[in-house]
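Here are my notes on the model you sent, as numbered points. They begin with the terms and then go through the domains, the interface and some individual residues.

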Amino acid sequence: MELSINLTTQPKEIPADESKLGFGNVFTDHMFVMNYDEGKGWHDARIVPYAPIALDPAAMVLHYGQEVFEGLKAYRTADGSIQLFRPQENFKRLNKSNERLCIPAIDEEFALHALKELIKIEEKWVPHSKDTSLYIRPFIIATDAHLGVRPASSYLFIIILSPSGSYYAGGLAPVKIYIEENYVRAVKGGMGFAKTGGNYAASLKSQDEAKHQDYSQVLWLDGVHRKYIEEVGAMNVFFKIAGEVVTPALEGSILPGITRKSVIEMLQSWGEKVTEKRISVDDLVKAFEDGTFEEAFGSGTAAVISPIGMLKVGGKEYTINNGQIGAMSQKLYDELTDLQWGRKPDSFGWIEKID
Ligand code: PLP
Ligand code: COI
């Protein structure tokens with residue numbers, strides 16, 4: 001497919017103070033856009049100046065939430081080059097989400113090609129400071145002007161870019177989390193494994209209440225038994241108990257994180273045993289009570305590796321590893337970020353250079 005390019009005549013100022021970027025606040029000069037129409041397929045792939053999009057007020061995404069998205073990052077290395085981390089996995093997952101939401105599949109190879117071209121154009125927007133990156137947000141929305149409930153017949157696929165710092169303001173500082181007992185995010189058979197806005201909408205109320213209680217996120221339980229650990233707002237979760245690493249198995253209700261997959265593969269390459277299984281709240285409480293609970297951390301593109309320093313279960317607060325980052329969490333964070341920012345050779349074959 002052809003990719004047409006129309007460059008802006010009014011480039012914006014690139015923020016000089018990278019320490020003030022925050023997460024997802026600033027957007028670059030251009031975006032990638034492609035249309036889908038039934039009978040025509042995906043067409044008119046283009047890079048155009050970043051601008052608001054016009055949508056009919058009846059556009060189906062606005063009413064029934066038919067949309068999917070992805071999140072990945074472009075990293076600036078010490079020699080000034082730019083690289084991506086397992087981007088093929090993101091486009092593969094986008095198509096899995098598409099399938100669940102009745103959105104037509106995209107050509108994954110072409111999407112990656114278009115993303116690379118977009119990043120080349122926006123090269124100057126990839127920040128240089130430690131722990132900063134260019135956050136990439138591909139998304140697809142249903143655009144038919146129609147109010148009946150059915151899959152749409154027209155879509156927009158857009159990729160926007162946002163130079164960003166840490167997702168959590170505290171950076172690598174251990175976060176406080178509680179186990180959510182009132183609300184659920186997703187159930188098996190629902191959309192939990194897909195990256196779609198509705199899952200995040202379902203989480204807002206709970207996240208808001210957590211913020212008010214000075215917790216950074218909640219840890220979700222399964223929606224049926226209300227006793228098995230699922231994931232955190234924007235992260236998968238891992239526990240180290242009695243020397244063994246465990247993480248909730250992928251049973252359809254949690255996001256199959258690319259960082260999760262990478263953490264598992266990295267730990268296994270170090271000879272660590274990682275078990276994907278159902279983990280109950282009782283298993284965690286037991287480990288706290290018998291002193292075998294060693295570490296807990298979340299994994300995600302935006303959050304990287306985020307140590308959990310305190311977990312509230314029922315009314316009780318349990319401090320983990322004295323509220324400090326554990327040795328394994330720290331090593332994973334170091335190794336993963338060394339790979340992502342090109343400080344260490346890519347022995348796993350996970351890096352995709354932009355040239
Ligand atoms: N779980 C949820 C709900 C998320 O939003 C994310 C972030 O993308 C993750 C887990 C981690 O996934 P990944 O490692 O692919 O970023
Ligand atoms: C990511 O980690 O990329 C995410 O999409 C998380 C989030 C900001 C929703």
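1. Terms for accessibility come first. A residue is called buried when its relative accessible area is under 20%, exposed when that area is over 50%, and partly exposed in between (1.4 Å probe, protein chains only). Lysine 188 is exposed, with a relative accessible area of 55%.

2. Basis of the values. This is a predicted model, in which local features need pLDDT of at least 70 and side-chain atom pairs count only at pLDDT 80 or more, while totals for chains, interfaces and linings use all residues. Residues are numbered from 1 along each chain as its sequence is written, chains are lettered from A and ligands numbered from 1 in the order in which they are written, and side-chain values use heavy atoms, with hydrogens and water left out.

3. Domains. Contact (heavy atoms within 4.5 Å) involves 22 residues of domain 1 and 23 residues of domain 2.

4. Buried area. This is the accessible area (1.4 Å probe) that two parts lose on being put together, summed over both. For domain 1 and domain 2 it comes to about 1900 Å², 55% of it on carbon and sulfur atoms. On the side of domain 1, Phe85, Arg93 and Arg100 lose the most area, together 33% of what that side buries.

5. Polar links across the interface. A polar contact is a pair of N or O atoms within 3.5 Å; within protein, one must be able to donate a hydrogen and the other to accept it, and residues adjacent in sequence count only if both atoms are side-chain atoms. The rule finds 16 such residue pairs between domain 1 and domain 2, both residues at pLDDT 80 or more. Of the elements on the side of domain 1 that touches domain 2, α2 gives the most, with 6 residues. Helices (H or I, at least four residues) and strands (E, at least two) are DSSP runs, numbered from the N terminus.

6. Salt bridges at the interface. The criterion is a side-chain nitrogen of Lys or Arg within 4 Å of a carboxyl oxygen of Asp or Glu. Across the interface of domain 1 and domain 2 there are 2 salt bridges. Arginine 86 and glutamate 265 are joined by a salt bridge at 3.2 Å, N to O.

7. Salt bridges in the whole structure. The search finds 21. Among them, glutamate 89 and lysine 261 pair at 3.1 Å, N to O; glutamate 89 is in helix α2 and lysine 261 in helix α6 (residues 258–269), 172 residues apart. Glutamate 89 counts as buried because its relative accessibility is 18%, whereas lysine 261, at 28%, is partly exposed.

8. Another pair is glutamate 352 with lysine 116, whose closest N and O atoms are 2.6 Å apart. Glutamate 352 lies in strand β18 (residues 351–354) and lysine 116 in helix α3 (residues 108–121), 236 residues apart. Both residues are buried. A network of salt bridges links Glu335, Asp338, Arg343 and Lys344.

9. Glycine 71. This residue sits in the loop between β4 and β5 and counts as buried because its relative accessibility is 3%. Beyond its neighbours within four places in sequence, the contacts of glycine 71 include Asn90, Tyr135, Lys195 and Thr301.
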